[in-house]
Amino acid sequence: MVQKQRIYYARTYRHLVQSVLKNVLYLLLLILPTILLYFWGLHALTRFISEVGVKVLGNVFPGIPMNITTVSYPVFGAVDYIVLPTVLPSFPFIVGNLCVVFVVLIFLSTGKRKGHPVAIYLMLSLMSHVVSCIFFLFGTNHFPYQMFHFSELYISQQISIWLIFIILSGLVTGFIGSKGYVYKTVTFLVTMLYSLVFGAIRYIVFLFILEQYSMLYMAVMFFVLGPLFDFLYLVCIYSFFINKMTKYYDSSKRRGEWKWS
């Protein structure tokens, strides 16, 4: 039998030593300048994303009119977004979507997949598409939104998410102990870079789907693959960060950073 030479305290009730001064300096030197830079370059950022989107979509949909519109918000200032023609679904297309969705729902609710977390998530996601299909089935001509509504809505919620992520990423990384600021800075930068690139690519992909296959998928894009999905990958990145920081503080050199209450 292998015997332990040393038994450490249980992890229950342990916490890290905090240095308020270091954490505040971290926020002032990294997060605050990032917020100021974000507001300063926001219009240029959305202009760049819109120009890339128009170029990409213009190659995919030659001859379809599209332009870039500027809107001003009280806090964020001028923001650009893409305007495309609105495409509504046909009756056969709606019925076909309903049939496919019901088959997938039956598949997810049977066999080993029944009760699985991923299956439950997919079923809940598909239910929003079912509601969208039923609405278009009986009231296509009464759909109150056009493509420019979705495009502006996406950009407005995305710029809000980017700002929230700057603040949240700074807070959740800055107040994990008083060491490991290299890991904290890298995690913050990776989170923001991923969010910017992912948000821009998703915007172009969503506009492509809506223009190619109609506004039938608008509900899924907003309620399932929108802000909720952003916070899912934020939690994922945060979990990797916490795992890394736990190993960092559990090393023999830094185990003294833990205190028990």
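Analyst: **Where side chains meet**

The charged end of Arg113 sits over the ring of Phe107, 3.8 Å from the ring's centre (the rule: NZ of Lys or CZ of Arg within 6 Å of the centre and within 35 degrees of the ring normal). This model is predicted, so local features need pLDDT of at least 70 and side-chain atom pairs 80 or more, while totals for chains, interfaces and linings use all residues. Residues count from 1 along each chain as its sequence is written, and side-chain values use heavy atoms, without hydrogens or water.

Now for charge meeting charge. Side chains of opposite charge can pair when their charged atoms come close. How many salt bridges does the count come to? Two (Lys or Arg side-chain nitrogen within 4 Å of an Asp or Glu carboxyl oxygen).

One joins Arg47 and Asp80, at 2.6 Å from N to O. Arg47 is in helix α1 (residues 20-60) and Asp80 in strand β3 (residues 77-83), so this pair links parts of the chain 33 residues apart (DSSP runs, numbered from the N terminus: helices are H or I, at least four residues; strands are E, at least two). Asp80 is buried at 0% relative accessible area, while Arg47, at 29%, is partly exposed (buried is under 20%, exposed over 50%, partly exposed in between; 1.4 Å probe, protein chains only).

Asp230 forms a salt bridge with Arg202, with the closest N and O atoms 2.8 Å apart. Asp230 belongs to helix α7 (residues 227-249) and Arg202 to helix α5 (residues 181-213), so the pair ties together parts 28 residues apart in sequence. Both Asp230 and Arg202 are buried. Gln158 touches Arg202 and Asp230, along with Ser195 and Gly199, leaving aside residues up to four places away in sequence (heavy atoms within 4.5 Å). Gln158 sits in helix α4 (residues 147-174) and is buried, at 1% relative accessibility.

Next, the rings. The whole structure has 19 aromatic pairs (Phe, Tyr or six-membered Trp ring centres within 6.5 Å; planes under 30 degrees apart are stacked, over 60 edge-to-face, the rest tilted). Phe39 and Phe76 have centres 5.8 Å apart and planes at 25°, so they are stacked. Phe39 is in helix α1, and Phe76 is in the loop between β2 (67-73) and β3, 37 residues apart. Phe76 counts as buried at 17%, but Phe39 is partly exposed at 29%. Phe165 and Tyr233 are edge-to-face, because their planes stand at 85°, with centres 5.9 Å apart. This pair links helix α4 to helix α7, 68 residues apart. Phe165 is buried at 0%, and Tyr233 is buried at 7%. Phe165 and Tyr233 also belong to one aromatic cluster with Tyr194, Phe198, Phe229 and Phe231.
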